[in-house]
Amino acid sequence: MFNCTVAAARSIQAGTDVDCGGVYPVQIENAVQQGILTEAEVDRAFARLTNQQMLLGLFDNNRVYTIGFPRPPRRAAVAPFSESCRRQ
């Protein structure tokens, strides 16, 4: 049977260490409890993810982070479409 728990386990086993949704926190624990995923596989994924975060400086004390992405200026986002309309 294929479900969220199996999908999360297969994702970890395939090397997808980051879940941008809310599936991994619950389903990885379920997968380990059901024997679909080993703790060693979870540890390996966590180590890879943490290593990348360290290389990016995400644990440096002197950095300030904001949540979300900066919004591009409205004109920049609209300009390509409006320019192409004027050409026609």
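Thr-5, Val-6, Ala-8, Ala-9 and Ile-12 are the buried residues of H1 (buried: under 20% relative accessible area, exposed: over 50%, partly exposed: in between, with a 1.4 Å probe and protein chains only). They span an arc of only 160 degrees around the axis, so they sit on the same side of H1 (the arc is taken from the directions from the helix axis to the C-beta atoms). This is a predicted model, in which local features need pLDDT of at least 70, side-chain atom pairs count only at pLDDT 80 or more, and totals for chains, interfaces and linings use all residues. Residues are numbered from 1 along each chain as its sequence is written, and side-chain values use heavy atoms, without hydrogens and water.

**Packing of H1**
- The buried residues of H1 pack against H2 and H3 (contact: heavy atoms within 4.5 Å).
- Exposed Arg-10 and Ala-14 are on the face of H1 turned away from its buried side.
- The axes of H1 and H2 come within 8 Å and cross at roughly 90 degrees.
- That makes H1 roughly perpendicular to H2 (65 to 115 degrees).
- Residues making this contact include Ala-8 and Ile-12 of H1 and Tyr-24 and Ile-28 of H2.

**The salt bridge**
- The structure has one salt bridge (a side-chain nitrogen of Lys or Arg within 4 Å of a carboxyl oxygen of Asp or Glu).
- It joins the side chains of Asp-17 and Arg-48, at 2.7 Å from N to O.
- Asp-17 lies in the loop between H1 and H2 and Arg-48 in H3, so the pair ties together parts 31 residues apart in sequence.
- Asp-17 is buried at 17% relative accessibility, while Arg-48 is partly exposed at 33%.

Notes
Helices (H or I, at least four residues) and strands (E, at least two) are DSSP runs, numbered from the N terminus. Axes are lines fitted to C-alpha atoms, for helices over the stretch in contact, and angles run from 0 to 180 degrees between N-to-C directions. Angles under 35 degrees count as roughly parallel, over 145 as roughly antiparallel, 65 to 115 as roughly perpendicular and the rest as oblique.
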